[in-house]
Amino acid sequence: MLRLQRPHRSVVTLLGLSFAVALGCGDGAGSDASVHGAVTGVGDGRASTIQVSPATATVEEGAIASLSCLALDSRGVVVSSSHGWTISDPTVATVAANGAVAAQHPGTAVVSCTVDGKTAAATVTVVASPVAFLEVTPGAGVLVLGKSLQLVGTPLDSNGAVVADHRVQWTTADSAIATV
């Protein structure tokens with residue numbers, strides 16, 4: 001039981017106590033790592049549920065798909081702890097620290113995200129690209145210094161038919177000689 005001798009002192013003590021309590025608690029509006037263990041909002045700060053989305057993805061060989069990893073604590077508050085990505089078969093696809101999956105060869109692999117010892121996974125299926133080769137027009141040309149030459153790349157299947165909806169990306173071996 002708290003017994004107060006002087007009212008003036010009790011006000012100071014109560015104000016001091018209120019001030020200390022206000023400093024020790026976050027308002028729930030943001031992330032306060034010193035109080036909440038680096039979470040967004042007010043929660044217990046440890047990952048309880050992990051979600052990877054999309055749960056399944058089909059990616060053409062040579063293409064990139066993006067996966068996201070969401071960690072929630074037991075109260076459903078987003079946990080901003082660091083997470084790690086792994087893949088079951090790196091010959092099928094590779095996964096970067098940001099969840100970007102680069103399709104390598106046809107097959108299926110499981111991509112996992114781990115936060116605070118909890119793991120969730122997604123299945124990635126890599127399918128063969130229908131593009132068998134790329135036709136570049138003109139096939140050769142002479143370029144005068146300071147001038148440009150328009151190249152056209154056409155993706156073709158194994159029968160020589162144009163493969164629609166495939167974008168051609170250009171690079172140069174030496175940008176000091178020519179830029180694309």
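pLDDT is the predictor's confidence in each residue, from 0 to 100. This is a predicted model, where local features need pLDDT of at least 70 and side-chain atom pairs count only at pLDDT 80 or more, while totals for chains, interfaces and linings use all residues. Residues are numbered from 1 along each chain as its sequence is written, and side-chain values use heavy atoms, leaving out hydrogens and water.

**Confidence**
- Across the protein chain the mean pLDDT is 78, with 76% of residues at 70 or more.

**Around I50**
- You will find I50 in strand β1 (residues 49-53).
- I50 counts as buried, at 12% relative accessibility; buried means under 20% relative accessible area, exposed over 50%, and partly exposed in between (1.4 Å probe, protein chains only).
- Outside four places in sequence, the contacts of I50 include C69, L70, A71, C113 and V115.
- I50 and L70 are 20 residues apart along the chain, with their C-alpha atoms separated by 5.7 Å.

**The salt bridge**
- The structure holds 1 salt bridge, defined as a side-chain nitrogen of Lys or Arg within 4 Å of a carboxyl oxygen of Asp or Glu.
- The side chains of D116 and R46 form a salt bridge at 3.5 Å, N to O.
- D116 sits in the loop between β8 (107-115) and β9 (118-127) and R46 in the loop between α2 and β1, so the pair ties together parts 70 residues apart in sequence.
- D116 counts as partly exposed, at 25% relative accessibility.

Terms used: Helix = DSSP H or I, 4+ residues; strand = E, 2+ residues; numbered from the N terminus. Contact = heavy atoms within 4.5 Å.
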